[in-house]
Amino acid sequence: MIIDKLAYSSAIRSKSPFLKSGFAVGALLICVGFGAFLPSAVILLTMMTLTLKLSRTNAKHYKNLMIAPFTFLLMGTAALLFDVAKEPMGIVSFHLGSVYIVVLFERIIYVLRLMLVSISAVSCLYFLILTTPITDLFLVLRKLHCPNLIIELMMMTYRYIFVLFEMAIAISTAQSCRLSNINAKSAIKAFGGMLSTVFFQAMQRANFLFDAMESRCYDGELRVLEEYTKATASEKITVLATLAVLIAIAVANVYFKIWIS
């Protein structure tokens, strides 16, 4: 919900969603395509700076948003640090039966690079979703000839995230008032009851929603107003110049080996 509020209050909320999407996706492709330290670090700093400046968010909110993907990366890449060898080698080695579990310097560099590239890619996506409302992103997908069925499923799923969230909060508040989570056993039982109640209410609301759509002559396609501002020539030049600089940095990093790649 915070992400949605920040997107609607962004300083560039009225700018072309096609231009913002192209910039974010272009930076993402550069980051993932080259997969090196220097371009990933530059993209991370660039996207972080632009997001904090243009999305009306602050460093605290941005840090909280980064905690979840960073934690996932830590857990996902921890296993990549270790390797199996027949003799002790590397920085650290543990004897396990007839083999050794070792940590090689090259593997540490690989894991650090993978984490930096992944976090940089996440920063590109955060720039897009914190400056562009989801309805504008649906417009971009529609202009790219994405199947209407997929777009409608995304719209309804996005809407029901908030509906289910509000129902879950209301039920949890009522349970807390009745001291249903006073201990671990009762908390688990209350959580199960909350899930079952939310499920049945969601099914009921879905049926009501479908009846309301059919009463309004629903023919299989949700039609919404499309309002967006076309990108100016100066905005296009700025985005293209920024992407060109990022590509130049990535190419220079590979050609001149400026940093570990």
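Which residues of helix 8 are buried? In this predicted model, the buried residues of helix 8 are S186, A190, M194, V198, A202 and M213. Helix 7 is included in what covers them.

| Helix | Residues | Number of residues | Span between end C-alpha atoms | Expected span |
|---|---|---|---|---|
| Helix 7 | 148-177 | 30 residues | 44 Å | 44 Å |

For helix 7, the distance from the first C-alpha to the last is close to the expected value.

The buried residues of helix 7 are I151, E152, M155, Y160, F162, V163, M167, A168, I171 and Q175.

**Packing of helix 4 against helix 5**

Two packed helices are described by the angle between their axes and the distance between the axes. Helix 4 (residues 59-77) and helix 5 (residues 105-131) pack at about 145°, and their axes are 10 Å apart. The crossing of helix 4 past helix 5 is right-handed.

On the helix 4 side, the contact consists of Y62, L65, M66, P69, F70, L73, L74 and T77, which meet V111, L114, M115, S118, I119, V122, S123, Y126 and L130 of helix 5. By class, the residues of this contact comprise 14 nonpolar and 3 polar, with no charged residue.

**Aromatic pairs**

The model contains 3 aromatic pairs. One of them joins F23 and F127: the ring centres are 5.5 Å apart and the planes stand at 80°, so the pair is edge-to-face. Because F23 belongs to helix 2 (residues 17-34) and F127 to helix 5, this pair ties together parts that are 104 residues apart in sequence. Both F23 and F127 are buried.

Another pair is formed by F199 and F200, whose ring centres are 5.6 Å apart; with planes at 70°, over the 60 degrees required, the pair is edge-to-face. F200 is exposed, its relative accessible area being 58%.

Conventions
Residues are numbered from 1 along each chain as its sequence is written. This is a predicted model: local features need pLDDT of at least 70, side-chain atom pairs count only at pLDDT 80 or more; totals for chains, interfaces and linings use all residues. Side-chain values use heavy atoms; hydrogens and water are left out. Axes are lines fitted to C-alpha atoms, for helices over the stretch in contact, and angles run from 0 to 180 degrees between N-to-C directions. Helices (H or I, at least four residues) and strands (E, at least two) are DSSP runs, numbered from the N terminus. A crossing is left-handed if the near helix is turned anticlockwise from the far one by less than a right angle, and right-handed if clockwise. Contact means heavy atoms within 4.5 Å. Ala, Val, Leu, Ile, Met, Phe, Trp, Tyr, Cys and Pro count as nonpolar, Asp, Glu, Lys and Arg as charged, and the others, Gly among them, as polar. Rings of Phe, Tyr and Trp (its six-membered ring) pair if their centres lie within 6.5 Å; planes under 30 degrees apart count as stacked, over 60 as edge-to-face and the rest as tilted. Buried means under 20% relative accessible area, exposed over 50%, partly exposed in between (1.4 Å probe, protein chains only). The expected span of a helix is 1.5 Å times one less than its number of residues.
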